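Open the model in your viewer and keep the selection panel at hand. The stops below say what to pick next and what is there.

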Amino acid sequence: MASASLMKLNASSSQWIGQKSFNRCTNINNNNNRVSFSIRAGSYTDELVQTAKTIATPGRGILAIDESSATAGKRLASIGLDNTEPNRQLYRQLLLTTPGLGEYISGAILFEETLYQSTTDGKKMVDVLRDAKIMPGIKVDKGLVPLPGSNNESWCQGLDGLASRSAEYYKQGARFAKWRTVVSIPCGPTALAVKEAAWGLARYAAISQDNGLVPIVEPEILLDGDHSIDRTLEVAEKVWSEVFFYLAENNVVFEGILLKPSMVTPGAEHKEKASPDTIAEYTLKMLKRRVPPAVPGIMFLSGGQSEAEATLNLNAMNQSPNPWHVSFSYARALQNSVLKAWQGLPENFEAGQKALLARAKANS
């Protein structure tokens, strides 16, 4: 039996459920009780909606440079540079100080190190972004770990302490957040893994919004496997159905989120490759079946696609009007050309920036 101290059934009272305030209104019609709830808006709601709209502006997308220090080191190693903080700082400075970048990039996802870094001449990285009209974002998850009871699947950790970390990130200038979890088709996926991914994303999204950060919701469906595009569609629809169910359960404001889905493609080892038109058809079919039009922006991840593939597939999805802003949140698909042009040499610094601008413009 529910305790009277937890829930009062007096119609004039205000109920508290999960720290959310509800005003209960009861209408009686034909002897049936119909109960509706009015949810109290959070203190950041208006700002969240405006931030999401700003990032989802026409012709612009997100630059993802939230690689961990280890992953950033792999990028630097590809051009013969040591994985040191000064080298990581110089590379991120090259990216973020690119002249004219704000014309094509509306947000940049940063690793925690970068959020607190300054350029070599002492200017805060977040101020560099603000001056370019680019929203600073922050990766907030703590990475993937094995999921007990699953079929060799993973879950994303990082909810512990997320509220306090998010509050500090907001003070430092971040205005949106990223949390990546994954779903593997060759591993099932199991119902447990799908539910864990959806619930974790929903809790992260609610905590982020409570601290002023627009959450990017990203359940990445991995390309691994030899499955068909129809199988990917089936799994994607299941995953996004669960995600939005739990987002609603956690009272997340849909107008104040952004999505970062995988494109619906065949598995990487499938014998038949799909054309950009086919990928666009399947991806938009899934999104229109699962994503409410209240969501302002869908910023696709490249998910291991080449620069050209990611650009052509995105272009195909924008050949007809969509109920949301459909754009990009790319890492490798924007950075590969930059690294090749720069090669870690001071005399190639400008060439690296021109390469970034070219890729950003192509996707724009």
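Buried here means under 20% relative accessible area, exposed means over 50%, and partly exposed lies in between, with a 1.4 Å probe and protein chains only. This is a predicted model, in which local features need pLDDT of at least 70, side-chain atom pairs count only at pLDDT 80 or more, and totals for chains, interfaces and linings use all residues. Residues are numbered from 1 along each chain as its sequence is written, and side-chain values use heavy atoms, with hydrogens and water left out.

**Stop 1: Gly 212**

Select Gly 212. It is buried, at 1% relative accessible area. Gly 212 sits in the loop between α7 (191–210) and β10 (214–221). Helices (H or I, at least four residues) and strands (E, at least two) are DSSP runs, numbered from the N terminus. Now show the contacts of Gly 212, where contact means heavy atoms within 4.5 Å. Leaving out residues up to four places away in sequence, Gly 212 touches Tyr 44, Leu 48, Tyr 170 and Arg 175. Gly 212 and Gly 42 are 170 residues apart in sequence, yet the C-alpha to C-alpha distance is 9.3 Å.

**Stop 2: Glu 218 and Lys 178**

Next, pick charged side chains. A salt bridge puts a side-chain nitrogen of Lys or Arg within 4 Å of a carboxyl oxygen of Asp or Glu. The structure holds 17 of these salt bridges. Select Glu 218 and Lys 178: they form a salt bridge, with the closest N and O atoms 3.9 Å apart. Glu 218 lies in strand β10 and Lys 178 in strand β9 (residues 176–183), so the pair ties together parts 40 residues apart in sequence. Are these two side chains buried or exposed? Glu 218 is buried, at 2% relative accessible area. Lys 178 is buried too, at 7%. Asp 66, Lys 178 and Glu 218 are linked in a network of salt bridges.

**Stop 3: Arg 88 and Glu 113**

Move to Arg 88. Its salt bridge partner is Glu 113, and the closest N and O atoms are 2.8 Å apart. Arg 88 belongs to helix α3 (residues 85–96) and Glu 113 to helix α4 (residues 112–115), so the pair joins parts 25 residues apart in sequence. Arg 88 counts as buried at 9% relative accessibility. Glu 113 is buried at 18%.

**Stop 4**

Select Gln 117, in the loop between α4 and α5. Gln 117 is buried, with a relative accessible area of 6%. Beyond four places in sequence, Gln 117 touches Glu 85, Gln 89, Arg 92, Lys 124 and Met 125.

Then select Arg 130 and Asp 127. They form a salt bridge, the closest N and O atoms being 3.1 Å apart. The two residues are 3 apart in helix α5 (residues 125–131), about one helical turn. Arg 130 is partly exposed at 40% relative accessibility. Asp 127 is partly exposed at 27%.

**Stop 5**

Show α7 and α8. Axes are lines fitted to C-alpha atoms, for helices over the stretch in contact, and angles run from 0 to 180 degrees between N-to-C directions. The axes of α7 and α8 come within 8 Å and cross at roughly 40°. That makes α7 oblique to α8. Angles under 35 degrees count as roughly parallel, over 145 as roughly antiparallel, 65 to 115 as roughly perpendicular, and the rest as oblique. Residues meeting across this pair include Ala 198 and Trp 199 in α7, and Val 243 and Leu 247 in α8.

Among the residues making the contact are Leu 233, Trp 240 and Phe 244 of α8, and Ile 279, Tyr 282 and Met 286 of α9.

**Stop 6: the nonpolar core**

Finish with the core. A nonpolar core is a set of buried Ala, Val, Leu, Ile, Met, Phe, Trp, Tyr and Cys residues joined through side-chain atoms within 4.5 Å. Which members of the largest nonpolar core touch the most other members? Of its 99 residues, they are Leu 63, Leu 96, Tyr 204, Phe 244, Leu 247 and Leu 259. Helix α8 (residues 229–249) supplies the largest share of this core, 10 residues. Last, select Leu 259. Its contacts beyond four places in sequence include Ile 216, Trp 240, Phe 244 and Val 291.
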